[in-house]
Amino acid sequence: MTQDPLVVFTPSGKRGRVPAGTPVLAAARQLGVDLDSVCGGRGICSKCQVAPAFGDFAKHGIHSKPGALSEWNKVEARYHEKRGLAEGRRLGCQAQIMGDVVIDVPAGSQVHRQVVRKDATARAIAMDPATRLHFVEVEAPDMHEPTGDLERLERALNAQWGIAGIRAALPLLAQLQPALRKGDWRVTVALHRRAADAVPELVAIWPGLHEDGIFGLAIDLGSTTIAAHLTDLDTGAVVASAGIMNPQIRFGEDLMSRVSYAMMTPGGALEMTRSVREALSTLISEIAHEAKIDPALILEATFVCNPVMHHLLLGIDPVELGQAPFALATSSALDLGADELGLTSLPACAQIYLLPCIAGHVGADAAAVALSEQPGQSEDLVLVVDVGTNAEILLGDRERVLACSSPTGPAFEGAQISSGQRAAPGAIEAVRIDPATKEPRLRVIGCPLWSDEPGFAEATAASGITGICGSGIIEAVAEMRIAGLLDAGGLIGSAEQTGSARSIPEGRTHAYVLHDGRADGGPLVTVTQGDIRAIQLAKSALYAGARLLMDTRGVDRVDRVVLAGAFGAHISPLHAMVLGMIPDVPLDKVSSAGNAAGTGARIALCSLAARRQIERDVHAITKVETAIEPRFQEHFVAANAIPHASDPFPELSRHVTLPDTRFNAHAEGSGRRRRRRG
């Protein structure tokens with residue numbers, strides 16, 4: 001018997017079989033996928049655009065062929081002729097599923113578009129930018145002194161600014177003569193130095209006095225999200241921040257899936273490089289539009305990213321990062337031109353700086369965190385955890401700094417969670433459960449009120465309650481443990497075992513109902529046994545990485561913990577400790593650094609001295625490899641318990657008492673079988 005086609009939607013990971021000929025939009029609605037449509041499926045609004053992906057997807061167990069979707073129809077052809085569809089895009093209301101297929105739902109097609117919460121953190125930075133403005137008066141040409149305009153500009157810079165010489169690429173050389181004449185031999189030039197003693201490079205020129213400023217971008221290129229901070233290169237002030245989903249997520253939610261895609265798919269690495277560069281160009285255009293500045297004024301950018309993203313950004317096949325000894329093509333900092341990376345939204349002569357990587361699995365993002373948080377300057381022993389799809393962990397003080405990377409996966413981002421979604425209005429971001437009544441209180445993004453407070457229903461009427469994001473699922477699982485709905489092994493009890501009708505059967509296990517909006521056409525939001533398992537695996541990897549660094553350092557305790565990253569900035573320290581994500585420390589010794597990697601990128605953007613510092617510091621950081629260390633697996637298994645199978649948590653016990661309930665997974669079902677036999 002022939003099976004119906006299997007469809008997998010990314011980034012949600014939701015999957016199911018649908019009859020051949022089912023429109024993508026209908027399949028998305030059937031499977032609860034977040035795909036927008038305003039025109040009712042008539043092919044007018046284009047809100048339902050999707051991007052099918054073809055090739056072998058071992059992670060999903062699918063071979064997706066180009067014929068898996070129906071051919072373009074007249075509606076799509078007409079829309080493309082009038083408005084245009086980006087290459088590879090289809091209208092979800094028109095394309096029909098004919099075979100097994102992987103379909104990506106771009107951020108712009110999602111009803112609940114993500115609020116990228118990698119905000120810029122206020123930080124005093126000693127300004128020492130690589131790119132500076134210089135106003136000069138240049139001698140007019142003279143028939144009796146046959147020197148070129150560039151040479152007379154150099155002479156003026158030397159006389160008026162003490163700058164002995166410059167370099168000028170061909171695009172700027174072509175702009176030089178019109179600018180000089182339009183400005184009546186007075187021009188403003190932007191000069192970029194790659195080092196304090198390097199020959200400056202001419203990167204922009206304006207007639208007369210340029211007073212509109214120049215700007216740079218600090219870009220945190222993450223596995224799941226890309227965040228950018230547009231920064232004034234004169235003052236260091238952040239004038240706009242924006243972010244988008246990393247489109248590479250359709251090739252794999254985690255880094256090793258993307259490495260596998262590059263290994264298994266001819267041209268896969270180049271395809272991923274092209275997709276992320278296009279996304280970056282789009283993001284740059286959007287942030288310039290938001291700030292109402294001309295993109296031509298963005299003359300510089302710094303990038304931080306993990307090693308796989310680093311290689312894919314540069315167009316380097318990451319295959320060597322998927323196997324021991326995890327060799328990087330280069331670990332050094334890089335200075336490049338925007339044209340070399342194909343970033344078409346930036347001027348061709350804009351300059352790019354990539355921070356150095358620490359090692360094969362510990363990248364420039366970890367280096368940026370080190371630059372931001374300075375663990376090597378700490379008087380006490382500090383553990384810095386950059387929580388994300390791939391956690392970067394630093395442990396150090398003035399004596400020594402250690403670093404590792406831990407594969408937590410996308411569960412902390414709301415992916416792999418049954419009711420999970422990205423951080424967007426309507427997503428549950430905080431949970432409290434009464435231990436006596438087992439009833440939950442909720443808070444959603446976009447509303448400061450709790451669900452039991454007056455005005456909550458009115459305040460959330462527009463967005464509704466749509467699902468649960470990363471910080472929400474962490475708090476939900478921790479609160480379930482505190483309330484006795486979940487035992488130490490991570491098992492959800494039945495209604496009989498917990499005394500709560502919110503514990504409902506789901507197959508052979510149980511789920512806890514956080515919100516039931518079905519009566520009003522909304523979703524049923526639950527925490528399932530599968531969700532618990534996904535969080536257990538993620539938090540165990542995080543804790544095991546931290547413990548491995550502590551073992552290497554020969555300590556059982558740390559003095560303080562810093563949570564960094566988009567997710568780390570929104571997590572409650574108490575709930576993180578109840579879950580066993582971080583080692584036991586006094587709660588007042590747990591702090592948030594916000595997007596520390598982004599802050600490190602901004603520091604490097606604004607300071608040549610900081611670039612030289614991190615280039616030195618990475619050589620002093622000891623990398624610990626989790627992939628080949630047997631103790632990592634030992635710590636990982638013990639950390640599957642909530643909070644932990646063996647490590648004591650005395651500081652946690654000062655704030656909360658965790659019930660020692662043990663549920664029997666088959667007790668209720670066995671009882672029913674005995675009663676039937678009787």
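Author: Begin with one residue. This is a predicted model. Pick isoleucine 352 and leave aside its neighbours within four places in sequence. Contact means heavy atoms within 4.5 Å.

Reader: Now the wider picture. Which residues touch the most other members of the largest nonpolar core?

Author: That core has 94 residues. Those touching the most other members are Leu217, Ile226, Ile298, Phe303, Leu346, Ile352 and Leu355. Helix 6, residues 268–291, gives the largest share of this core, with 9 residues. A second, separate core has 68 residues, among them Leu442, Tyr512, Met550 and Val585.

Reader: How do I read a pair of helices?

Author: Look at the angle between their axes. From 65 to 115 degrees counts as roughly perpendicular. Helix 8 (residues 364–373) and helix 15 (residues 596–606) cross at roughly 75°. They are therefore roughly perpendicular to each other. Their axes come within 7 Å.

Reader: Which residues in helix 8 and helix 15 meet?

Author: Helix 8 brings Asp365, Ala368, Val369, Leu371, Ser372 and Glu373. Helix 15 brings residues including Ala596, Thr599, Gly600 and Ile603. By class, this contact has 8 nonpolar, 3 polar and 2 charged residues.

Reader: At what angle do helix 3 and helix 4 pack?

Author: About 70°, with axes 10 Å apart. That makes helix 3 roughly perpendicular to helix 4. Their contact residues divide into 5 nonpolar, 1 polar and 2 charged.

Technical notes. Residues numbered from 1 in each chain as written. Predicted model: local features only at pLDDT ≥ 70, side-chain atom pairs only at ≥ 80, totals over all residues. Heavy atoms only, no water. Axes fitted to C-alpha atoms, helices over the stretch in contact; angles between N-to-C directions. Helix = DSSP H or I, 4+ residues; strand = E, 2+ residues; numbered from the N terminus. Parallel < 35°, antiparallel > 145°, perpendicular 65-115°, else oblique. Nonpolar A, V, L, I, M, F, W, Y, C, P; charged D, E, K, R; others polar. Core = buried A, V, L, I, M, F, W, Y, C linked by side-chain atoms within 4.5 Å. Buried < 20%, exposed > 50% of the residue type's maximum accessible area, 1.4 Å probe, protein only.
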